[in-house]
Amino acid sequence: MKLAVIGTGYVGLVSGVCFAQKGNEVICVDLEQHKIDMLNRAESPIYEPGIEELIALNLEAGRLEFTSDLADAVRRSDIVILAVGTPSLANGEANLSYIEQAAADVGKAMNGYKIIMTKSTVPVGTNEKIKDVLARHTSLSFDIVSAPEFLREGSAINDTLHPDRIIIGLDNTGLRETMVTLHQVFTDKIYVTDIRSAEMIKYASNAFLATKISFINEIANICEKVGADVTCVADGMGMDKRIGSSFLQAGIGYGGSCFPKDTNALIQIAGNVDYEFKLLKSVVEVNTDQRFMIVSKLRESLGQLNGVSIGIWGLAFKPNTDDIREAPALEIVETLIQAGAIVKLYDPIAMDKFKERVDHPNIMWCSSPQQAAEGSDAVCLLTDWEEFKKVDLVQLASILHKPVLIDGRNVFAEEQIQGSGLEYYSVGRPR
Ligand code: UGA
C-alpha cells in the first residue's frame, strides 16, 4: 500500500520505517527541513537503537522517502497517517493544534478518496474533530481510522514489528479488511472497535501502567518501614497471571513524554465530563513524591546537602534513550543544587540534551561513572543503564569520599553489595 506519514517523531518515524520494512511504499513528511535532510542521509533525529540501519535499508530498497512536501506525499498515497505531537497544555490537556493543522493541510492536498489514520495519542472525540477539519478543507470523500500506537522508546522497532496487539477504531466497517491486511504483517492479534473506544484504549492503557508503577512504589515505601523486600513482593505478585510481572519495578517513578502527559490528559478528559478520576490523581501525586525519596535518603545518610558533592548516574528517563522529557533527574538535580550541593553528572548518551535544559555553576559534567564518583560524598543511580550494572563496587567504594550509593532503580543485588564497603540504600528493600 502507499502510505504518507505526517510527523517524524518517535511514533511517525518508527511506524513509517516499519511499514516500509514490511513492503509498503512509505513517504514520511516533516515540516522541519533539517530533519528531512538528516533522514535522507539515513541519520535519525531521534536516538533509537537499530533505526538508522532500517532507514538505510529501506531508502536503498526504494520503499521509503522523506520530504517536507506534505501535499505531494498526500496526493501519492492511499492512506495518510497522522503522527504529529500532542504535547501538554499548561492545564494538562492535550494540545491539538498540530494535529488539527495537519488535518487541514491533508484536506487541502487531497486529490481523491483517502483513509486518514490517526496514530497520535488524542483525547476521546478528537478523530471526529479531525473529520470536521478535513471536511472543511475538501469536498472529496475520506474515512477516519484511529490506530493508537503502543511502542516504547528504546525498544520502539521491536515493539512495532512484534506488538502485543493492534487496536483499530473505525466507523465504516467496510474498512475492516483493508486495515487488517495492512496490520496483520505485524501480528494477527488485531482488535477492531469503534473510534471512541480505540482512543480511550490508548489513554486507559498508559494510565493503568502508570498506576502499576505508583502502586509498587507505595508498596516499596511501606516495605521499607515493615522490613519486607519489594523485589520479592513484586516477583511473588507477578506470578499471578491476573496481575502479571511487568511494570512492577519500584524506583524513583515514571518519566518520559507519555505517562506524565497522558495521565494528566486523562484526568482532564474525565474532568471535562464532570468526573473526578480520584485514583489517577493519586497515581500522579505518588509519582511526584517518589522522585524526592532519593533526596530524603541523601539527607538521611549525609546529614546535610549544603556543600556536599553528589555523583549522578543517569539522566535519561529510562535506559536506551537520550530523552530527558519529564525525567526524574531534572527535578532531583535541581533540588540538590538548590540545597547547595555540587552535582557531578554522567549519562552514556543524554548529556547533551540535559545541558540544553539545565545549566548551573554547581554542575560538573563527567565523562564516566567513575569520574562522577571520584571524591564525591555519594553516588545516586537514577537510570538503570547496563553500564552501571557492570561497575566494580569495591573500586567504587575506594574512590568515593564517603562510600554512599543510593540506588534509585534497585539495580544491585544484595550479594554484590556485601563486602563492597558501600553504605547502600535502595527502594523498598532492606539495606
Ligand atoms: C510508554 C508505554 O510503555 C508505551 O506502551 C506507550 O506506547 C508509550 O508510553 C507512549 O504512549 O508513547 P515509554 O514512555 O517509552 O512507553 O516508556 P516505558 O518503558 O513505558 O517507561 C516509562 C517510565 O516508567 C520510565 O521512566 C521507566 O523508568 C518507568 N518504569 C517502567 C518504572 O519506574 N517501573 C516499571 O516497572 C516500568
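1. Is the crossing of H5 and H6 right-handed or left-handed? In this predicted model, the crossing of these two helices is right-handed. Helix H5, which covers residues 97-109, and helix H6, which covers residues 126-137, pack at an angle of about 35 degrees, and their axes are 8 Å apart. On the H5 side the contact involves Ile99, Glu100, Ala103, Ala104, Val106, Gly107 and Lys108, while H6 contributes Lys129, Ile130, Val133, Leu134, Arg136 and His137. By residue class, the contact of H5 with H6 comprises seven nonpolar, two polar and four charged residues.

2. The protein chain is divided into domain 1, residues 2-193, and domain 2, residues 290-425. The centres of domain 1 and domain 2, taken over C-alpha atoms, are separated by 38 Å. Contact between them involves four residues of domain 1 and seven residues of domain 2, and the side of domain 1 that touches domain 2 consists of two nonpolar residues, one polar and one charged.

3. Another open sheet is formed by six strands in the order S11-S10-S9-S12-S13-S14, with parallel pairing. Strand S11 (363-365) and strand S14 (423-425) are the edge strands, each pairing on one side only, and the twist from one strand to the next averages 20 degrees. Strand S12 (residues 378-381) is joined by three bridges to strand S13 (residues 404-407), the two running parallel, and Cys380 stands opposite Ile406 in S13. Helix H13 (residues 328-338) packs on the sheet, where it touches strand S9 (309-313) and strand S10 (342-346), and its direction makes about 155 degrees with that of S10.

4. Helix H9 (residues 195-226) packs with helix H10 (residues 230-238) at an angle of about 135 degrees, with the axes 9 Å apart, and H9 and H10 are therefore oblique to each other. Their crossing is right-handed, and the contact is made by Ile216, Ile219, Ala220 and Cys223 of H9 together with Val230, Val233 and Ala234 of H10. The residues of this contact are seven nonpolar, no polar and no charged.

5. H9 also packs with helix H11 (residues 259-272), at an angle of about 115 degrees and with the axes 9 Å apart, and H9 passes H11 in a left-handed crossing. Here H9 supplies Tyr203, Asn206, Ala207 and Ala210, whereas H11 supplies Phe259, Asp262, Thr263, Ala265, Leu266 and Ile269. The contact of H9 with H11 divides into seven nonpolar, two polar and one charged.

Conventions
Residues are numbered from 1 along each chain as its sequence is written. This is a predicted model: local features need pLDDT of at least 70, side-chain atom pairs count only at pLDDT 80 or more; totals for chains, interfaces and linings use all residues. Axes are lines fitted to C-alpha atoms, for helices over the stretch in contact, and angles run from 0 to 180 degrees between N-to-C directions. Helices (H or I, at least four residues) and strands (E, at least two) are DSSP runs, numbered from the N terminus. Angles under 35 degrees count as roughly parallel, over 145 as roughly antiparallel, 65 to 115 as roughly perpendicular and the rest as oblique. A crossing is left-handed if the near helix is turned anticlockwise from the far one by less than a right angle, and right-handed if clockwise. Two residues are in contact if their C-beta atoms, placed from the backbone, lie within 7 Å. Ala, Val, Leu, Ile, Met, Phe, Trp, Tyr, Cys and Pro count as nonpolar, Asp, Glu, Lys and Arg as charged, and the others, Gly among them, as polar. Domain bounds come from an automatic or database domain assignment. Two strands pair if DSSP finds at least two bridges between them.
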